[in-house]
Amino acid sequence: MARRFALKRRATLRKGIAVSIKKRYVLLFVLPALILYVTFVIYPFIFSFILSFYKWPGAGAKTFVGLQNFKDILFGSFGNEFRNAFMHNIYYFILVTIFELGLGFLLAIFLVSIVKGKRFFQMMVYLPNIISMILVGFIWSMMLNPQIGLVNQFLRHVGLGALAQPWLGDPNLALNTIIAVNVWRNLGFYVLVFTASLLDIPRELLEAAYIDGASNFKVITKILFPLTIPTFQTLSILLFIWTFNVFDIVYALEGAQAGPFRSTDVLGTLFYRTAFGGLGSSRADFGLGAAVAVLIFLVVMPLSLVYAYVVDRRSRNA
Amino acid sequence: MLKVGKWGKTIIYSVLTVYVVIIATPFAMIFVNSFKSLRDIFLNPFSLPSTLNVQNYVEAWKSANLFNAYVNSFLVSTLSVGGILIMSSMLAYVISRYDFPFRRTIYLFIIVGLALPARLAIIPIYVMLNDLNLLDTRTGLIVVYIATGISFATFLMKRFMDGIPAEIEESARIDGASPWTIFLKIALPLTRPAMIVVGLVNFVGIWNDFFFPLIIINSENKETVPLAISIFFGEFSNKWQLISAALSLSVLPIMVIFFLLSKYFIAGMTEGAIK
């Protein structure tokens with residue numbers, strides 16, 4: 001009895017008090033969540049791996065084809081489409097990182113340097129983030145519409161009609177337009193994360209720097225920026241993972257075909273077409289779709305593990 | 001934080017104001033357009049509606065199947081959040097407070113899910129739901145949302161519970177209360193702030209989700225709001241006055257909730273996985 005209630009101290013435990021517990025209680029607390037998590041998160045991932053070695057239209061028998069799906073995707077008939085989408089993801093990641101983290105950091109510095117209206121700006125900045133990405137896509141498809149869209153109308157009104165563009169219809173512009181809409185929606189999130197991380201910096205550091213005669217520019221580059229580098233790192237990892245999840249915004253603005261001429265195709269839309277068809281997909285097959293998913297997973301997984309590691313380490317140090 | 005002079009302040013406030021205008025314009029546009037006639041939208045893009053066409057709302061509400069969609073979105077989001085909160089708080093509690101075999105392994109195993117993009121596993125999920133006769137059901141949707149929400153919720157609540165001194169539970173334990181009683185009567189009430197944050201973040205995430213309904217739901221009477229709007233947008237393309245009304249109807253409620261609870265939203269985000 002006494003032993004069961006005895007306090008155990010372990011190096012692995014945070015603040016060190018852990019109590020032993022009867023097995024049946026462990027099961028009661030752990031099993032519901034664990035069973036659901038394993039069944040609908042872990043198992044499907046494993047099943048995707050297995051499925052990627054088969055050809056399977058979704059019903060009937062599966063045919064084992066070995067590495068054929070991967071060959072098709074990487075080097076074969078499907079190769080160009082896959083590489084095209086993959087490069088778009090990389091491009092998307094680079095631009096989104098530059099704009100969302102760069103502007104996010106800058107605007108956060110602005111926000112922490114004012115007093116009046118701070119809460120109002122914080123709220124407004126975060127507002128687009130709570131709206132569904134698909135709805136944001138539809139709203140912007142109106143804004144960018146060649147006939148009624150406010151963007152072109154505005155440019156014409158102020159005498160910049162020459163700059164009016166078919167923002168979503170020009171293959172050279174469409175992906176950039178989508179990235180801009182993405183920045184419009186998500187920037188506020190990064191502003192607020194940077195705001196929180198800036199507010200963690202001890203004020204005395206800044207006071208001391210100012211007493212030594214440092215300029216604002218110096219304070220930003222020598223104190224604020226270096227001290228928020230961990231935030232930059234975590235956010236870039238997340239952005240990388242999230243970029244390979246991009247789907248809704250492309251679907252809303254350009255459809256599952258990721259037009260014009262696949263100029264906005266990303267792995268998310270490619271995956272959707274291969275797995276669930278849709279007109280114009282070169283091939284629809286669950287096995288092939290699973291292979292696309294596995295490839296995306298292999299790209300994202302190393303960073304996912306880094307992220308899980310970083311988060312775990314930080315929460316133990318917290 | 002920075003020491004800024006008069007000029008600095010002017011620059012900061014101008015930039016922030018321009019940014020807020022850029023954020024507000026698209027919302028203002030759909031709202032204004034939702035009261036205009038189609039002709040008005042084409043001819044007078046920047047003016048207020050010349051006549052108040054409230055019937056746009058009536059028509060959009062009916063043809064976009066929005067009532068149904070609202071009920072479905074509400075049911076799915078609430079039940080999913082309920083499930084996530086119950087299961088994750090139990091798991092987080094036992095990991096935070098007790099010592100048992102594989103405790104750390106189980107925790108890490110759950111944390112890995114934080115960064116697993118659940119969408120990539122949609123094919124097996126689809127196949128499984130089909131085998132379980134849960135395809136094209138709201139139950140299927142709810143089960144998937146609970147399962148994919150467990151990682152984040154458990155992570156956040158465990159971290160919160162780690163911060164609550166265990167001594168509070170000590171006396172109850174000595175009196176012989178079972179872990180279940182202690183969890184229900186003592187631990188759970190103390191984690192309320194974390195529950196609110198986790199619940200809100202998940203509620204909005206599920207309410208806004210488009211991908212899973214797109215794959216899982218087929219029948220019109222089971223559509224969630226994003227799916228209903230997406231189908232409406234396809235069918236009524238070019239009827240911009242109706243689309244604007246439908247978009248306003250889908251955006252406004254969540255905005256109201258946001259303005260009322262913005263404190264929790266912002267806390268949820270900064271207390272979240274990234275800081």
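Modeller: The answer below begins with the chain contact and then turns to the chains themselves.

This is a predicted model, in which local features need pLDDT of at least 70 and side-chain atom pairs count only at pLDDT 80 or more, while totals for chains, interfaces and linings use all residues. Residues are numbered from 1 along each chain as its sequence is written, and chains are lettered from A and ligands numbered from 1 in the order in which they are written.

The contact draws 87 residues from chain A and 81 residues from chain B; two residues are in contact if their C-beta atoms, placed from the backbone, lie within 7 Å. On the side of chain A that touches chain B, helix H2(A) gives the most, with 18 residues. Helices (H or I, at least four residues) and strands (E, at least two) are DSSP runs, numbered from the N terminus. By class, that side of chain A has 67 nonpolar, 16 polar and four charged residues. Here Ala, Val, Leu, Ile, Met, Phe, Trp, Tyr, Cys and Pro count as nonpolar, Asp, Glu, Lys and Arg as charged, and the others, Gly among them, as polar.

Helix H2 (residues 23-51) of chain A packs against helix H4 (residues 66-97) of chain B at an angle of about 130°, and their axes are 8 Å apart. Axes are lines fitted to C-alpha atoms, for helices over the stretch in contact, and angles run from 0 to 180 degrees between N-to-C directions. H2(A) and H4(B) are therefore oblique to each other: angles under 35 degrees count as roughly parallel, over 145 as roughly antiparallel, 65 to 115 as roughly perpendicular and the rest as oblique. The crossing of H2(A) with H4(B) is left-handed; a crossing is left-handed if the near helix is turned anticlockwise from the far one by less than a right angle, and right-handed if clockwise. From H2(A) come Val26(A), Phe29(A), Val30(A), Pro32(A), Ala33(A) and Leu36(A), which meet Met87(B), Ser88(B), Met90(B), Leu91(B), Tyr93(B) and Val94(B) of H4(B). The contact of H2(A) with H4(B) has eleven nonpolar, one polar and no charged residues.

Within chain B, the axes of helix H8 (residues 167-174) and helix H9 (residues 179-190) come within 10 Å and cross at roughly 145°. H8(B) passes H9(B) in a right-handed crossing. Ile168(B), Glu169(B), Ala172(B) and Arg173(B) of H8(B) make this contact with Ile182(B), Ile186(B) and Ala187(B) of H9(B). The residues there divide into five nonpolar, no polar and two charged.

Chain A as a whole has 13 helices and four strands. Its C-alpha trace spans about 65 × 65 × 30 Å along the principal axes. Of the 318 residues in chain A, 42% are buried; a residue is buried if 20 or more other C-beta atoms lie within 10 Å of its own, exposed if 12 or fewer, and partly exposed in between, with C-beta atoms placed from the backbone.

Some loops also deserve attention. Gly259(A) and Pro260(A) are joined by a cis peptide bond with omega of about -25°, and Pro260(A) lies in the loop between helix H11 (248-254) and helix H12 (267-276) of chain A. In chain B, Phe102(B) has phi near 65°, a positive value in a residue other than glycine. Phe102(B) counts as exposed because it has 11 C-beta neighbours inside 10 Å.
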